[in-house]
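Open the model in your viewer and show the side chains.

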Amino acid sequence: MEFSPIFNLRSTRFIAFFALFFAFFTANAQADAQSQETTHEEITEDGEEVDINGFILHHIADAHEFHFFGEGENWKGLHLPIILWTDKGLTVFSSKRFQLDNEGKVIVESNGQRFTRYHNKIYYASDVESHGSYLEMETAADGHHEVLNAKPWDFSITKNVFTIFFSIIVLCILFIGVANSYKKREGKAPKGFQSLVEPIIIFVRDDIARPNLGYKYERFMPYLLTVFFFIWFNNMLGLVPFFPGSANVTGNIAVTMVLAAITFIITTVNGNKYYWAHIFKPHVPWWLYPLMIPVEIIGMFTKPIALMIRLFANITAGHILVLALISLIFVFKSVAVAPASLLFVLFISLIELLVAFIQAFIFTILSALFIGMAIEEHH
């Protein structure tokens, strides 16, 4: 499979520049966020104790704010709207009212109700304060605290939701422009952004759609192109550690679940009689049907589950690895390890630039493969 039309850059230094760019700003942004996180930790006689696990999990999770820079009173960022469906109907207010609290210590009163936030989840606040928060908790068997307070339905615009809308708008603007260029320059050589994306579109058509879907490929090209560019764009945007990037969209299992579910629905709806016969009347002796039919039905669902977990796990692992390498500075409590840490981050950033494309490619080609299996004619 030839990738050179897509990655035909003048020099590998171009890639290295962007990797260094991502690594540098990641290190600065995460170090700044780290200093903010330590303000919530207990101070011991030996100094500040840094919860590395909490720091990493916090920064790959969703949030109600975009953090630009600063901390405490100097915190600068974008507060996103909180949209809740409660017992008294719709309630809307700004996440600024939580005052960056995530420990259930700040109460927001709206629409005659009281809310508090704990680990980026919004709960109905208790009437009285208990152990420094307005939440009732119990300790589970594994030692974690479980919140007993009820939760409203949360439809808030979080970082991930904002980034999804942002990516949809950007992609629509870009590709509507490309479509108009094809109409205006029919039969002519591509120009501008059209010349940049045409090799990628041809790649998706010739190396993904046609080999797996045969002569019916045109019917599914809109979906394959959409899912490919959506995943690739958000993978790349997730590598940028500042606004409008920094959101872990494709590392959110809810997002990958929806993408996999769409592939499953398209596969199921377009399945022909040979596809369903293979499931409910497999080519085995009849006495094996009680065993094979359940296996085939389970196989229908394991395919989208594999799609969902593969994308989620690979993207999340990349973010965790970068954050873990940066955290080495705080683990060893020495600036001396910073050069080595930065070099490793640079190396991983180079790989992540490639992984961003590969994961979009894998999700798209597997989607095409599953759809192709459902529409394949009997031979």
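## A tour of the salt bridges

Select Arg 117 and Glu 65. These two form a salt bridge, and their closest N and O atoms are 2.8 Å apart. Now colour by secondary structure. Arg 117 sits in strand E8 (residues 113–118) and Glu 65 in strand E3 (residues 65–69), so the pair ties together parts that are 52 residues apart in sequence.

Keep in mind that this is a predicted model. Side chains of opposite charge can pair when their charged atoms come close.

Is Arg 117 buried or exposed? Arg 117 is buried, because its relative accessible area is 0%. Glu 65 has 10% relative accessibility, so Glu 65 counts as buried too.

Next, select Glu 109 and Arg 114. Their side chains meet in a salt bridge, at 3.9 Å from N to O. Check the surface again. Glu 109 counts as exposed, at 51% relative accessibility. The cut-off for exposed is over 50%. Arg 114 counts as partly exposed, at 27%.

Move on to helix H4 (residues 193–213) and pick Asp 206 and Arg 210. Here the side chains meet in a salt bridge at 3.2 Å, N to O. Why are they about one helical turn apart? Because they are four residues apart in the helix. Asp 206 is partly exposed, with a relative accessible area of 29%. Arg 210 is also partly exposed, with 39%.

Arg 205, Asp 206 and Arg 210 are linked in a network of salt bridges.

How many salt bridges does the count give? It comes to four.

Notes: Residues numbered from 1 in each chain as written. Predicted model: local features only at pLDDT ≥ 70, side-chain atom pairs only at ≥ 80, totals over all residues. Heavy atoms only, no water. Helix = DSSP H or I, 4+ residues; strand = E, 2+ residues; numbered from the N terminus. Buried < 20%, exposed > 50% of the residue type's maximum accessible area, 1.4 Å probe, protein only.
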